[in-house]
Amino acid sequence: MEKFVISGGKRLCGEVEISGAKNAAVAIISATILAEGVCRLENIPNVRDVRILMQILDEMGAKVRNINKNTWEIDTSHIKSTVVSNEMTRHLRASYYFLGALLARFKHAKVGMPGGCNFGVRPIDQHIKGFEALGASVTTGNAMVEVKAKEIVGNSVYFDMVSVGATVNVMLAAVKAKGLTVIENAAKEPHIVDLANFLNLMGADVRGAGTDIIKIRGVDRLHGCQYSIIPDQIEAGTYMVAAAATNGDVLIKNVIPKHLDSISAKLIECGAQIEEFDDCIRVSSHGRLNRCHVKTMPHPGFPTDMQPQMAVLLSVAEGTSILSESVWDNRFRYVDQLIRMGALIQVEGKAAIIEGVPQLKGSPIRADDLRAGAAMVIAGLIAQGETTIEDIHHIDRGYEDMIEKLQALGADIKRCEFEPAETKAVSIVG
Ligand code: EPZ
């Protein structure tokens with residue numbers, strides 16, 4: 001097994017290049033099922049979630065070619081199977097996008113229940129509601145979801161809560177439907193807009209992505225295209241927080257600064273300096289940062305996927321901060337790890353009360369999930385002494401070359417092999 005070993009206390013300084021957005025890539029890769037022809041996708045992050053999706057497509061009969069580290073060509077013309085086994089889907093949440101894409105193309109899909117990070121219950125009732133509104137019938141059982149329809153017909157779909165996954169799935173299902181689909185209370189995340197741009201380049205008619213009403217007029221055919229994925233908002237935010245938390249000075253390149261507004265605003269509130277340029281952002285800080293209160297919300301609010309990283313920064317800020325989680329029921333599991341490092345955090349329901357301490361101390365900790373794992377890395381970077389992080393496979397799901405990027409910024413971090421003390425049960429979450 002592998003772990004990260006970090007010797008903390010180094011300021012991060014220099015430049016870092018942000019990779020393509022994982023959560024846009026996983027939607028767009030699934031959307032290639034809709035194309036008659038080859039899709040060439042550029043700026044795809046080289047991360048585990050992407051490799052698993054490519055493997056699923058390959059096993060379904062698609063021609064999948066890795067042109068170079070971040071460019072893939074996918075030809076799904078020869079896909080025959082509309083079934084994706086639980087064995088494959090349990091590794092990542094985004095596997096549920098095969099439901100919408102296969103339904104649109106074959107009017108049938110049977111897909112294993114999706115895995116992904118463990119934040120408590122992760123229902124898919126809104127996805128099901130959307131498919132049913134378009135004329136599909138949905139059955140669940142034996143850890144599989146099956147959707148089928150004689151015909152997909154456009155309709156109004158109103159979501160009871162803002163859901164990225166349900167918005168993506170209904171967009172995928174509706175692009176070839178008969179007539180007009182109107183999604184109300186749609187998610188507005190940057191990756192929703194990126195998916196809409198990709199679908200439109202393939203010949204779809206999707207309007208309003210980025211607002212809470214998306215209108216999709218069904219078309220008969222979609223063709224292949226060449227597309228470059230947007231930069232990863234959360235990877236960029238993670239390096240922004242790491243730069244500020246280590247009192248560093250980092251130019252974060254290949255970003256869309258607008259996507260980072262909510263993160264910049266909170267870092268400025270804490271006393272960090274932010275300079276925005278066309279496609280990069282510079283973050284620096286000097287001395288101890290101040291406390292601030294943060295509440296996670298759907299875009300354009302503060303992203304829930306930045307909540308654990310921000311908790312680390314606040315754990316050493318001056319004063320008491322309240323960090324409220326309003327998207328997921330249970331996203332504070334990682335707090336126990338920070339407490340081992342000397343943080344003073346109390347979780348009450350969906351809020352964490354963080355009393356800043358002057359210093360964290362290096363400790364053996366683990367990555368509970370993807371973003372919690374990134375947060376543990378930041379904790380290791382600011383802590384005094386050595387921190388080891390186990391279960392780093394979570395981090396590899398979504399951060400390309402994290403070790404190399406941090407080393408280039410001056411961090412003392414390495415990946416090491418180790419023999420686990422005892423054999424653990426295999427985790428079923430990705
Ligand atoms: C996406 O997950 C992201 N994953 C998550 O990022 C992110 O945390 C989340 O959106 C919120 O921004 C991908 O894009 C692959 P949701 P998703 O549907 O789509 C409830 C990461 O670290 N809900 O927007 O699964 C749900 O329980 C990952 O990259 C229902 O009740 O999230 C949650 O409370 C982790 N019924 C809220 O809505 C439904 O049918 C938002 O979930 C669907 C969702």
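Q: Which residue stands opposite Asp75 in strand 5?
A: It is Lys63 that stands opposite Asp75 in strand 5, where a strand is a DSSP run of E of at least two residues, a helix is a run of H or I of at least four, and both are numbered from the N terminus. This is a predicted model, in which local features need pLDDT of at least 70 and side-chain atom pairs count only at pLDDT 80 or more, whereas totals for chains, interfaces and linings use all residues. Residues are numbered from 1 along each chain as its sequence is written, and side-chain values use heavy atoms, with hydrogens and water left out.

Q: OK, and how many bridges pair strand 4 with strand 5?
A: There are 5 bridges between strand 4 and strand 5, which covers residues 71–75, and the two pair in the antiparallel sense; pairing needs at least two DSSP bridges.

Q: What order do the strands have in that open sheet?
A: The order is 4-5-3-14 in an open sheet of 4 strands, and the pairing is mixed.

Q: Why is one side of strand 4 left without a neighbour in the sheet?
A: Strand 4 (63–68) stands at an edge, as does strand 14 (226–228), and each has a single partner strand, so one side of each has no neighbour in the sheet.

Q: New topic: which residues are closest to the ligand?
A: The closest are Gln126, Ser163, Val164, Asp305 and Val327, among 24 residues that surround the ligand, each with a heavy atom within 4 Å of it.

Q: What lies 2.5 Å from an oxygen atom of the ligand?
A: That is a backbone N or O atom of Val327. Side chains take part as well: an N or O atom of Lys22 is 3.0 Å from a ligand oxygen atom, and one of Trp328 is 3.1 Å from a ligand oxygen atom.

Q: Is Arg397 buried or exposed?
A: Arg397 has 2% relative accessibility, so it counts as buried (under 20%, with a 1.4 Å probe and protein chains only). Its place is in the loop between helix 13 (393–396) and helix 14 (402–408).

Q: Which side chain does Arg397 join through a polar contact?
A: The partner is the side chain of Asp49, at 2.9 Å; a polar contact within protein is a donor and acceptor pair of N or O atoms within 3.5 Å, and sequence neighbours count only through side-chain atoms.

Q: Last one: what joins strand 16 to strand 17?
A: A hairpin does, through 3 residues. Strand 16 (residues 273–276) and strand 17 (residues 280–284) run antiparallel with 4 bridges, and Ile281 in strand 17 is the bridge partner of Glu276.

Terms used. Buried < 20%, exposed > 50% of the residue type's maximum accessible area, 1.4 Å probe, protein only.
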